[in-house]
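Me: Could you walk me through this structure, starting with the overall make-up and then going into a few residues?

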Amino acid sequence: AALVERKINLLPFRELKEKGLLTIKHLAGSHSEVLLCRLGEVCWQLPVILMFPLCASPGDQPRSKVSCSAIVTLGELSVTLKKDMDSEVDEVARVLLQTVSSSPEFVQKAGSQTLGIMVENVTPARAMTALMDMGVK
């Protein structure tokens with residue numbers, strides 16, 4: 001019963017995260033200048049959603065869906081902001097590679113796609129450096 005109560009109580013937080021991710025996507029598409037001045041903060045928060053979910057259960061489907069939404073948001077930021085994402089490539093690559101290695105299959109697929117999108121849209125040298133640095137670690 002306590003687990004059911006905990007999941008019910010966390011539902012608004014999941015919905016809040018999903019609304020926040022949607023807001024970030026809309027800002028990136030229509031008011032990217034708003035995001036650019038706080039890009040570091042925004043990109044820092046997205047991995048927090050991925051790495052520190054509200055639910056501890058590894059098989060928790062709603063948690064995985066929120067993680068997947070955060071991954072897709074990172075990809076959309078890369079497409080919209082392109083080279084302006086260069087400063088965030090190291091952290092984004094680190095989180096995506098970690099996520100790909102330890103998540104359900106649909107989250108892994110989203111992570112791989114987003115990593116590819118990021119590589120296609122940032123400065124090639126930055127993408128290569130970030131990926132090589134992660135490979136060494």
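Me: How many helices and strands does the protein have?
Reply: The protein has seven helices and zero strands, where helices (H or I, at least four residues) and strands (E, at least two) are DSSP runs numbered from the N terminus. This is a predicted model, in which local features need pLDDT of at least 70 and side-chain atom pairs count only at pLDDT 80 or more, while totals for chains, interfaces and linings use all residues. Residues are numbered from 1 along each chain as its sequence is written, and side-chain values use heavy atoms, with hydrogens and water left out.

Me: What share of the residues is buried?
Reply: Of the 137 residues in the protein, 36% are buried, with buried meaning under 20% relative accessible area, exposed over 50% and partly exposed in between (1.4 Å probe, protein chains only).

Me: And what part of the contacts joins residues at least 24 apart?
Reply: Among contacts between residues at least 6 apart in sequence, 75% join residues at least 24 apart, a contact being heavy atoms within 4.5 Å.

Me: OK, helix packing. At what angle do helix 5 and helix 6 pack?
Reply: Helix 5 (residues 89-101) and helix 6 (residues 105-121) pack at about 155°, and their axes are 8 Å apart; the axes are lines fitted to C-alpha atoms, for helices over the stretch in contact, and angles run from 0 to 180 degrees between N-to-C directions. The two helices are therefore roughly antiparallel to each other, since angles under 35 degrees count as roughly parallel, over 145 as roughly antiparallel, 65 to 115 as roughly perpendicular and the rest as oblique.

Me: Which residues make that contact?
Reply: On the helix 5 side they include Val 92, Leu 96 and Val 100, and on the helix 6 side they include Val 107, Gly 111, Leu 115 and Met 118. The residues of this contact divide into nine nonpolar, five polar and no charged, with Ala, Val, Leu, Ile, Met, Phe, Trp, Tyr, Cys and Pro taken as nonpolar, Asp, Glu, Lys and Arg as charged, and the others, Gly among them, as polar.

Me: You mentioned Val 107. Is it buried or exposed?
Reply: Val 107, which lies in helix 6, is buried, with a relative accessible area of 2%. Not counting residues up to four places away in sequence, Val 107 touches Ser 64, Cys 68, Ile 71 and Thr 99, and its C-alpha atom is separated by 9.1 Å from that of Ser 69, 38 residues apart along the chain.
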